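Here are my notes on this one, point by point. Have the coordinates open while you read.

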Amino acid sequence: MTTIARTINDLGPHVSIRYPFRSKFVNVNGWRMHYIDEGPPNAPPVLLLHGNPTWGYLWRDTIPPLLAAGYRVIVPDQIGFGLSEHPHSASAHSLDNHASNLVALLDQLDLNGVFFVCHDWGGPTGLAALLTRRQRATAVAVMSTWAWRTPASEFHRQILPWRLMQAPIVGPHIMARQGAFPGRGIYLSVVDRERYRRDALPAYEAVLPDPDDRRLTWQWPRSIPIDPSTDITGERFEWLEAGLRELNIPATIIWGREDDVFALDVMGVRWHDIWPHAEGPHLVTGKHFLQEDSGAEIGQLLVEFAARHLPIPEHG
Amino acid sequence: MTVTRITERPLGTRSVPLLTDPDVGHYPEFSDFLVATFDLADKQLDAPGLLDVDGHVYELIFIGRSGRPFPAGVEIAALVPGLEPLDPDQTDHDLWAILEWLVAGVGEPWSVEALRTTGRIYRVIPADS
């Protein structure tokens with residue numbers, strides 16, 4: 001049977017003008033993963049990894065500075081989001097399966113010397129993939145993410161609203177049937193809400209049109225370790241933190257000044273505890289979805305960091 | 001709105017699936033409440049649980065999964081007369097009432113007030129609820 005997958009162009013000019021790249025697909029662990037792959041194929045690759053409930057579109061303003069500087073930029077849509085396949089099986093969405101999907105992507109594209117750039121769930125998944133394919137990594141950047149068992153953040157401990165909105169039966173109703181993510185959820189976590197409503201919200205809603213498509217928006221939050229009674233990923237996060245503490249590659253931390261989901265005063269300190277050598281935190285205007293407010297500035301920060309650690313070959 | 005457990009399935013209705021949660025034990029107190037309310041410790045794969053919401057009836061179909069305590073999950077469906085279409089607005093009102101009934105039944109630290117505040121924050125609470 002032939003599957004007709006939607007592409008960026010299928011989403012209409014509102015999206016394709018702002019995200020003017022060619023859709024590509026790769027099979028990872030049996031799932032259809034959408035990605036873009038721009039820039040010279042022999043240039044150092046920059047891998048931009050999104051989280052919940054976004055897709056590659058999140059990085060639309062970050063990509064041009066990297067391409068202008070000569071880098072190859074690869075942006076996958078995590079399985080369950082964007083233009084990738086949206087499996088309805090709960091088992092498909094374990095943290096391990098999502099991390100393995102990125103390992104498969106690295107292998108199938110045979111990426112080497114990769115600069116991993118991780119936001120939100122792009123952190124635990126991407127960093128787990130990095131540790132699994134340590135030899136493929138050259139540098140790493142983190143923003144509004146975490147990689148340890150506890151504490152996640154004060155926001156995630158609170159019943160109101162975080163634990164309630166993904167509680168049993170409540171989560172599938174609020175987040176899937178009613179579409180609280182990506183709609184209101186991102187809206188509340190950007191600084192320039194009017195611009196988000198105008199430029200971005202339609203692109204996020206277009207790729208998650210039906211309640212069943214939004215499964216991961218409430219299932220991923222349940223994978224955040226909060227307390228022993230609900231913890232289904234704790235051992236993986238312990239492995240992740242231990243591995244990252246031994247990882248000695250160039251690292252940089254970029255954070256939104258207004259981030260109230262992963263507060264900088266807690267998370268920035270924790271990242272520097274794991275990576276004392278890391279640069280930053282470089283602060284930009286932004287809340288949790290800082291790329292929506294400062295995408296181009298983040299791109300420039302990545303270029304400046306990459307120029308020191310991933311030089312472009314002179315004749316590349 | 002009043003949510004009441006009933007035992008008589010209305011005749012001449014069909015089941016319309018509304019939502020499925022495969023992991024009601026994510027917070028164990030939620031599955032504990034369902035087990036106690038619908039006597040699931042003794043009658044696991046018996047008839048679905050039934051809830052009446054101001055005259056509209058919903059069924060809770062409990063789902064087992066190997067290696068997990070019962071019920072692993074639950075599917076909520078509306079029981080709609082004959083071939084009549086589902087009324088989506090009414091259904092949203094009724095589902096919200098069921099959520100409030102659920103959270104109230106589970107009890108502290110969960111609360112209906114916190115649920116309503118969450119609903120207002122994310123603008124998913126139906127008007128007049």
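1. Helix α2 of chain B covers residues 88-106, 19 residues in total, and spans 26 Å between its first and last C-alpha. That is close to the 27 Å expected at 1.5 Å a residue, where the expected span is 1.5 Å times one less than the number of residues. Helices here are DSSP runs of H or I with at least four residues, strands are E runs of at least two, and both are numbered from the N terminus. Before going on: this is a predicted model, with local features needing pLDDT of at least 70 and side-chain atom pairs counting only at pLDDT 80 or more, while totals for chains, interfaces and linings use all residues. Residues are numbered from 1 along each chain as its sequence is written, and chains are lettered from A and ligands numbered from 1 in the order in which they are written.

2. Which residues of α2(B) are buried? Among them are W96(B), I98(B), L99(B), W101(B) and L102(B), and also the charged pair D94(B) and E100(B). (Buried means 20 or more other C-beta atoms within 10 Å of the residue's own, exposed means 12 or fewer, and partly exposed is in between, with C-beta atoms placed from the backbone. Charged covers Asp, Glu, Lys and Arg; Ala, Val, Leu, Ile, Met, Phe, Trp, Tyr, Cys and Pro are nonpolar, and the others, Gly among them, are polar.)

3. G107(B) follows α2(B) with a positive phi near 85°. The peptide bond from E108(B) to P109(B) is cis, omega being near 5°, and P109(B) belongs to the loop between α2 and α3 (112-121) of chain B.

4. Chain B as a whole has three helices and five strands, in the sequence pattern β-β-α-β-β-β-α-α. Its radius of gyration, taken over C-alpha atoms, is 15 Å, close to the 14 Å from the globule rule (2.2 Å times the number of residues to the power 0.38) for 129 residues, so chain B is as compact as a globular protein of that length. The C-alpha box along the principal axes is roughly 40 × 40 × 20 Å. Buried residues account for 36% of the 129. Of the contacts in chain B between residues at least 6 apart in sequence, 59% join residues at least 24 apart; a contact means C-beta atoms, placed from the backbone, within 7 Å.

5. Now the strands of chain B. β3 (49-53) and β4 (56-63) run antiparallel over five bridges, where pairing requires that DSSP finds at least two bridges between the strands. Two residues separate β3(B) and β4(B) in their hairpin, in which D54(B) has a positive phi near 50°. β4(B) also pairs with β5 (73-81) of chain B, antiparallel over seven bridges. L60(B) ties these together: its bridge partner is G49(B) on one side and I76(B) in β5(B) on the other.

6. Chain A carries an open, mixed sheet of eight strands in the order β1-β2-β4-β3-β5-β6-β7-β8. The edges are β1 (24-28) and β8 (279-284), each with a single partner strand, so one side of each has no neighbour in the sheet. Inside the sheet, β3 (45-49) and β4 (72-76) of chain A are parallel over three bridges, with L47(A) opposite I74(A).

7. Some backbone spots to check in chain A. The peptide bond between N52(A) and P53(A) is cis, with omega about 0°, and P53(A) sits in the loop between β3 and α2 (63-68) of chain A. Two residues other than glycine have positive phi: N29(A), at about 50°, and D120(A), near 50°. Is each one buried or exposed? N29(A) is partly exposed, with 14 C-beta neighbours inside 10 Å, whereas D120(A) is buried, with 23.

8. Finally, the contact between the chains takes 23 residues from chain A and 24 residues from chain B. On the chain A side, α7 (170-177) gives the largest share, seven residues. By class, that side has 14 nonpolar, six polar and three charged residues.

How values were computed:
Contact = placed C-beta atoms within 7 Å.
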